[in-house]
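Here is a short briefing on one protein chain. Look over the sequence and the model, then read the points by topic.

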Amino acid sequence: MTKFLESITNQFPDLQKTPLVDITDRNKFSTLLSHINAEYVNFDNVKRPDLYRLSMMIEDHAQRAYEPLVATFETEHLYKYVEERYLKILQNIPKAWIIGGFDNPFFAPKTPPAKAEILTCAGTPLQDMWIVISKNHDGLFALVAEDIGGVEKGDWFKGFFTSKTEVVKKVIEEMNHIMMTDIDFFDNTLKEIEH
């Protein structure tokens with residue numbers, strides 16, 4: 001079975017050749033805008049805390065701009081760790097798709113159903129993925145990272161951050177296919193949901 005990250009990068013050969021970048025360089029990547037302006041940032045052997053920082057920048061943007069958000073979690077435990085923060089995030093965004101390797105198919109986080117779709121990706125190519133997507137007036141942007149293990153599962157990640165809308169659309173298209181759902185950042189009714 002082709003891994004999710006590989007299924008995306010295989011469709012963009014030029015991006016596969018992009019040199020690896022140190023996303024932990026806070027002088028170069030101190031803000032979400034610095035990531036967005038780079039357009040495509042390829043990374044490998046990045047630790048979880050560095051991805052937390054970038055994830056939180058995307059989540060904060062979604063709240064400030066009142067934009068939708070996609071977030072994947074490898075395990076139910078990882079979602080439970082941030083669930084209280086996500087309950088606050090959901091008060092400030094029109095819609096979220098929360099996808100996780102939830103062991104219990106009836107797992108139901110305490111999220112408002114009008115604001116969030118909760119989907120399990122257990123047993124799919126998404127289970128080892130850390131994906132956070134939102135948008136701004138210029139288009140979509142996403143963190144797409146694969147758990148490559150290390151001493152313990154979840155120690156190291158490889159992947160990319162991109163503001164190339166065509167790449168993010170391909171990520172969403174693949175997610176929709178795998179999850180049999182309809183993640184749609186351009187649904188005009190999203191902004192109409194009361195907040």
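Buried residues account for 53% of the 195 residues in this chain. The model is a predicted one. The accessible surface amounts to about 9,800 Å². Carbon and sulfur atoms contribute 51% of that surface.

**Overall layout**

- Six helices and seven strands make up the elements of the chain.
- Read from the N terminus, their order is α-α-α-β-α-β-α-β-β-β-β-β-α.
- The contact pattern counts pairs at least 6 apart in sequence. Of these contacts, 65% join residues at least 24 apart.

**Helix 4 against helix 5**

- Two packed helices are described by the angle between their axes and the distance between the axes.
- Helix 4 covers residues 48–65, and helix 5 covers residues 76–90.
- Their axes come within 12 Å of each other. The crossing angle is roughly 20 degrees.
- Angles under 35 degrees count as roughly parallel, so helix 4 and helix 5 are roughly parallel to each other.
- The crossing of helix 4 past helix 5 is right-handed.
- On the helix 4 side, the contact residues are R48, Y52, M56, E59 and Q63. On the helix 5 side, they are L78, Y81, R85, Y86, K88 and I89.
- By class, this contact of helix 4 with helix 5 holds six nonpolar, one polar and four charged residues.

**A buried loop residue: I93**

- I93 sits in the loop between helix 5 and strand 3, the latter spanning 96–100.
- Is I93 buried or exposed? Its relative accessibility is 0%, so I93 counts as buried.
- Leaving out residues up to four places away in sequence, I93 touches A62, Q63, Y66, E67, L69 and K115.
- L69 is 24 residues from I93 along the chain. The C-alpha atoms of the two are separated by 7.7 Å.

- Which phi value does E39 have? Phi of E39 is near 70 degrees, a positive value in a residue other than glycine.
- E39 belongs to the loop between helix 3 and strand 1, with strand 1 at 40–47.
- E39 has a relative accessible area of 41%, so it is partly exposed.
- M180 is not a glycine either, yet its phi is positive, at about 50 degrees.
- M180 lies in the segment after helix 6, which runs 165–179.
- M180 has 76% relative accessibility and therefore counts as exposed.

**Loop residues paired across the sequence**

- K17 is in the loop between helix 2 (13–16) and helix 3 (32–38).
- The relative accessible area of K17 is 65%, so K17 is exposed.
- K17 and N42 are 25 residues apart in sequence. In space, their C-alpha atoms are 9.2 Å apart.
- D128 is placed in the loop between strand 4 (116–120) and strand 5 (129–136).
- D128 has a relative accessible area of 24%, so D128 is partly exposed.
- How far apart in space are D128 and K3, C-alpha to C-alpha? The distance is 8.9 Å, while the sequence separation of D128 and K3 is 125 residues.

Terms used:
Residues are numbered from 1 along each chain as its sequence is written. This is a predicted model: local features need pLDDT of at least 70, side-chain atom pairs count only at pLDDT 80 or more; totals for chains, interfaces and linings use all residues. Side-chain values use heavy atoms; hydrogens and water are left out. Axes are lines fitted to C-alpha atoms, for helices over the stretch in contact, and angles run from 0 to 180 degrees between N-to-C directions. Helices (H or I, at least four residues) and strands (E, at least two) are DSSP runs, numbered from the N terminus. Angles under 35 degrees count as roughly parallel, over 145 as roughly antiparallel, 65 to 115 as roughly perpendicular and the rest as oblique. A crossing is left-handed if the near helix is turned anticlockwise from the far one by less than a right angle, and right-handed if clockwise. Contact means heavy atoms within 4.5 Å. Ala, Val, Leu, Ile, Met, Phe, Trp, Tyr, Cys and Pro count as nonpolar, Asp, Glu, Lys and Arg as charged, and the others, Gly among them, as polar. Buried means under 20% relative accessible area, exposed over 50%, partly exposed in between (1.4 Å probe, protein chains only). Accessible areas come from the Shrake-Rupley method with a 1.4 Å probe; for residues, only the protein chains shown count as cover.
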